[in-house]
Amino acid sequence: MRLSSFFMPTLKESPADAQIVSHKLMLRAGMIRQTSAGIYAWLPLGWRVLQKIEQIVREEQDAAGAQEILMPTIQSADLWRESGRYDDYGKEMLRITDRHDRDMLYGPTNEEMVTDIFRGFVRSYRQLPLNLYHIQWKFRDEIRPRFGVMRGREFLMKDAYSFDIDAAGARRSYQTMFLAYLRTFARMGLKAIPMRADTGPIGGDLSHEFIILAETGESGVFCHRDWMNLDVLADAPGYGDDLQAFFDKCTGIYAATDEKHVPGESPVPEDQLVSARGIEVGHIFYFGTKYSKPMNAVVAGPDGNPVLAEMGSYGIGVSRLAGAIIEASHDDHGIIWPDSVAPFNVGLVNLKPGDSQTDTVCQDLYHKLRAAGLDVLYDDRDERPGVKFADMDLIGLPWQLVVGPRGLKNGTVELKRRATGQKEEVSEEFALTRLIGG
RNA sequence: CGGGGCGUAGCGCAGUCUGGUCAGCGCGCCAGUUUUGGGUACUGGAGGCCCCCGGUUCGAAUCCGGGCGCCCCGACCA
């Protein structure tokens, strides 16, 4: 993509509305545009990131055996009346009526709808276990939206729903998602700590929140200091393996949100307890027959008698992650994207567009990098070098490849790693090998 | 929803108390010159129902009334 024609409205100054760093940087980098309180349009750069995040989530869900579907954003109130949640959910739920005066709502979650789909088609325990997920926009009419996309009213969420024949099966499904979540966040360069959590309006008796530690986190969290340097995935089993031991190990190390943490009563000695703030990026629940019972989602069991489906649901805040990743990875100059979610792999900077030599070299690099499958943002704008460097640092692409007359005189280009700031004067060939090789 | 604040050019702001001389500044944008490896300098230019409606007044960005929007702090949530 040529930057001269790429829609990326960067800002030198932060809009006054933004308070936290990720919100400021997303606005300054031209990733998003607020359209109402807590509602955002995603501009090309932001949309690319969102799709990268989404794809990682998708791949890991698929690998864990879940199947992707797509349910509507607008739901009928009738389904929610069946489960009893229409009255329970309160003002957070955006209620609307259609032209026939039918009660509808913009879905804040999809337990009822997926349960309806399930009961419409699944007849036998032999069709279980089943895990269906979708990645869809949700709306929760937060009292006070804030922190940009981290706490919006409209947000993109991956929500999966598992169906099992019995509690043992449901716990396996839960553990599988538990592992999938750890893998998913790790792939985004995040260390997410699973913490015992409240189940909230979703209900149920087993629940974990996946928390990223960050100063700007919304909730207070507590965990054993062992979590700090622990890589739980180091010896993690595969999705098909028995996960009980792994699950026990992970949940055996203390970690709890302030809702569950009782000061003075935690099993961790004071001097080994870390108190911090965290961002919730995922939340999983096992809630048994909370929905299958009122909605009569039953299948025939081995003995031919009807059995209520044992269910769980599993959410990941996809749009929130875009902000959370920035909170976890930035410096004074801007964003530092982990390679896996970066909107482009490489920023190619032509310091002197119009100069036949730099133009030629840039063209050559651009085509070769793209031919190798890399996403390249080519800054071919007629701008001052300083502007280009500043923009490149701001938008945080993992690699910057800088081509200017000074270097070319010596046959070199500059390769800069955004995360470390390390710069190397290297040959074109070396740069290509380095970038394409990984 | 309680408490606080804000709304003037794309962004950041001054002007509002003390009505007129008030449509301003910086950045950005456009044109030109200049500069050419970390937001270059100069010149010229475009761009504003001063959030909206009503009122007071000879006269309102400014005073009064009523709306709307947005932000912050608190109680709730992916």
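Q: Which element gives the largest share of the surface near RNA strand B?
A: That's H10, with 8 residues. "Near" is for residues whose C-beta atom, placed from the backbone, lies within 6 Å of the strand. The model is predicted, so local features need pLDDT of at least 70 and side-chain atom pairs 80 or more, while totals for chains, interfaces and linings use all residues. Residues count from 1 along each chain as its sequence is written, and chains are lettered from A and ligands numbered from 1 in the order written.

Q: What makes up the surface near RNA strand B, by class?
A: It has 20 nonpolar, 14 polar and 17 charged residues. Asp, Glu, Lys and Arg count as charged, Ala, Val, Leu, Ile, Met, Phe, Trp, Tyr, Cys and Pro as nonpolar, and the others, Gly among them, as polar. Gly317, Gly386, Gly404 and Gly407 are among the closest residues, so they go down as polar.

Q: Why is the set with Ile53, Ala192, Ile212 and Leu401 called a nonpolar core?
A: Such a core joins buried Ala, Val, Leu, Ile, Met, Phe, Trp, Tyr and Cys residues through C-beta atoms within 7 Å, where buried means 20 or more other C-beta atoms within 10 Å of the residue's own, placed from the backbone. The largest core has 113 residues, and those four have the most contacts inside it.

Conventions
Helices (H or I, at least four residues) and strands (E, at least two) are DSSP runs, numbered from the N terminus. A residue is buried if 20 or more other C-beta atoms lie within 10 Å of its own, exposed if 12 or fewer, and partly exposed in between; C-beta atoms are placed from the backbone.
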